[in-house]
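Try each task before you read its solution.

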Amino acid sequence: MAKILVVDDEEHIRLLYSEELREEGYDVITAEGGYRLLERIDRERPDLVVLDIKMVDYDGLDLLQDIRNKFYDLPVILSTAYDTFKEDMKSIAADFYVVKSFDLSELKRKIKMALEARTSE
Amino acid sequence: MKKSSRLAYEENPEKVERAEVVVGISSYDSAEFIGHTAEQAARGLLDYFGSKNSVIINVDSDSGDGTKEVFLGTTTEVPKIYLSTPPGTKGAGHNLRNLVTKAAELKAQAVIVVNAAFKSITPRWIKNLGEPIFGGFSFVSPLYLRHKCEGVLTSGIIYPLTRVLYGRRVRQPNGGDFAFGMTMAETYMHHPTGGEKAVLQTGVDVWMTTLAINQAVPICQSFVGRPKTQRSPDGVMPQVSAFVDVVGTVFDLMGFFQERWQKVRWSKPTAVFGFGMGEADAPPPLEVSEADLYRVFLQGFSQYQALWESLLDDKTFNKLTEIKNLPAAHFSFPSELWARIVFRYAVAHRNQVTDRQTLLESLLPIFHGKSLSFVKKTERMSIQQAEEYIESECMIFEEMKSYLAADWQGKR
């Protein structure tokens, strides 16, 4: 069972993602921000991270860089309310991005692709 | 002057025998720019690798314009070595082969390669390309801020194809500026495909990147900031020889790495190094002649129609003919069609359905048609929007990979 870490400062998003992704058969853990995120990843070894870009205390794109520097092969999917982040070239270090929605089919599709890419090497 | 073991001419006025960091400047008739490139490289080495022994090596293809004299005559605080191919031997691949051999002799830890034709190199390029090697990466590929229509050979075929094959998003797999450590140097010196004619010419850059991707060593991309401005062989209409060498090298390597790429399903990103450099300038304007692209595409029909008809399946060929009949103002080349044609050509290249030079040359007019469509579609787009468009085209390549695999296995 693949383990997914959802990082988002909005509780209802964490709940929604957890519930729906667990129904898909994933093991889901959550974090509400970037505090000690790298230590958490190191300890819990998720197979994929779903990362919110705009959190109150953290910039998701900076966190993405931190994750890439330490766990350069770990799939990361950016989750965002707006797609303006693409103006920042840092976003190319993500595997995919999804625009936040209550319909998670796109997120689920991208998770599947990212996990397949990881295991096909 | 003496000859090295690889028959390259060498001048080593400061008798350098050891260097931890090597900057290699590849050149051919580059007297106009090489002094500037050497100065910037020296400043980068002093500013960012000052505690290490370093050397700048000009690997030249026996230039006749005084490149050697300008290089050795440029005052730098870092020692310099000049290496050249023997008279009559030219090619970027020969240059890089000489560089790798010399770097191994010097027991280097990091080799940073820059092209002498650049006007835009800064000392930060040296830092950003070299530093990841000392941070544990084995290969560093460049990320440029380019005009959206510069480098269509890369964005239109080399990047999508490399990405779909090997599952790594390396945006500039054909970039002439990169860095590698000695694990990769060993691979480059001994790889069985290293002596291919195209690899010894312009195909060498994509060859080096592809080997690094397939070596399963840590690789990253490094943002080199300022716009790439050069005498570009990879503008909106690449030279025939460059197109044949580069695309031919990718097709050749598909055969060598076929076991691996057929197992790869989707792509994943590659780590990025070098952000936080401040605002980059906008890239300089690029003159694009839509009329020339259209003309060359149409000329392809008179020259290669019979070959295309024999190579492509009916549906694909008919679609290509439909496009031919579109008025220039409404010209559009669907990405799915382009992916299908590239995949078919890769298989035809493997099967040697005709001589490979002719085969690759016959793809060029179709490529110009595809490029014209890209130019028109991205006309009003920002660089970022054009990048997103390229990403969406890459996804089409990835979604159609099963078509390629089936064709490759003879199941179509």
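**Exercise 1.** Work out how many residue pairs are in polar contact across the interface of domain 1 and domain 2 of chain B, and what domain 1 brings to that interface.

Solution. Keep in mind that this is a predicted model.
- Start with the pairs: the rule finds 12 residue pairs in polar contact across the interface, both partners at pLDDT 80 or more.
- Next, look for the helices on the domain 1 side: helix 5 (152-166), helix 9 (240-256) and helix 10 (258-261) of chain B each supply at least two residues.
- Helix 5 gives the most, with 11 residues.
- Now sort that side by residue type: 22 nonpolar, 7 polar and 6 charged.
- Then turn to charge pairs: 4 salt bridges cross the interface of the two domains.
- Finish with area: about 3,300 Å² is buried between the domains, and carbon and sulfur atoms give 71% of it.

**Exercise 2.** Decide whether B:Ile396 is buried or exposed, and find what it touches.

Solution. 
- Check its accessibility: buried means under 20%, and B:Ile396 has 17%, so it counts as buried.
- List its contacts: beyond neighbours within four places in sequence, B:Ile396 touches B:Ser335 and B:Glu336.

**Exercise 3.** How many residues of helix 8 (residues 204-214) of chain B are buried?

Solution. 
- Count them: 11 of the 11 are buried, so helix 8 is largely enclosed by the rest of the structure.
- Among them are B:Trp207, B:Asp205 and B:Asn214.
- Step past the end: just after helix 8, B:Ala216 takes a positive phi of about 60°.

Notes
Residues are numbered from 1 along each chain as its sequence is written. Chains are lettered from A and ligands numbered from 1 in the order in which they are written. This is a predicted model: local features need pLDDT of at least 70, side-chain atom pairs count only at pLDDT 80 or more; totals for chains, interfaces and linings use all residues. Side-chain values use heavy atoms; hydrogens and water are left out. Buried means under 20% relative accessible area, exposed over 50%, partly exposed in between (1.4 Å probe, protein chains only). Helices (H or I, at least four residues) and strands (E, at least two) are DSSP runs, numbered from the N terminus. Contact means heavy atoms within 4.5 Å. Buried area is the accessible area (1.4 Å probe) that two parts lose on being put together, summed over both. A salt bridge is a side-chain nitrogen of Lys or Arg within 4 Å of a carboxyl oxygen of Asp or Glu. A polar contact is a pair of N or O atoms within 3.5 Å; within protein, one must be able to donate a hydrogen and the other to accept it, and residues adjacent in sequence count only if both atoms are side-chain atoms. Ala, Val, Leu, Ile, Met, Phe, Trp, Tyr, Cys and Pro count as nonpolar, Asp, Glu, Lys and Arg as charged, and the others, Gly among them, as polar.
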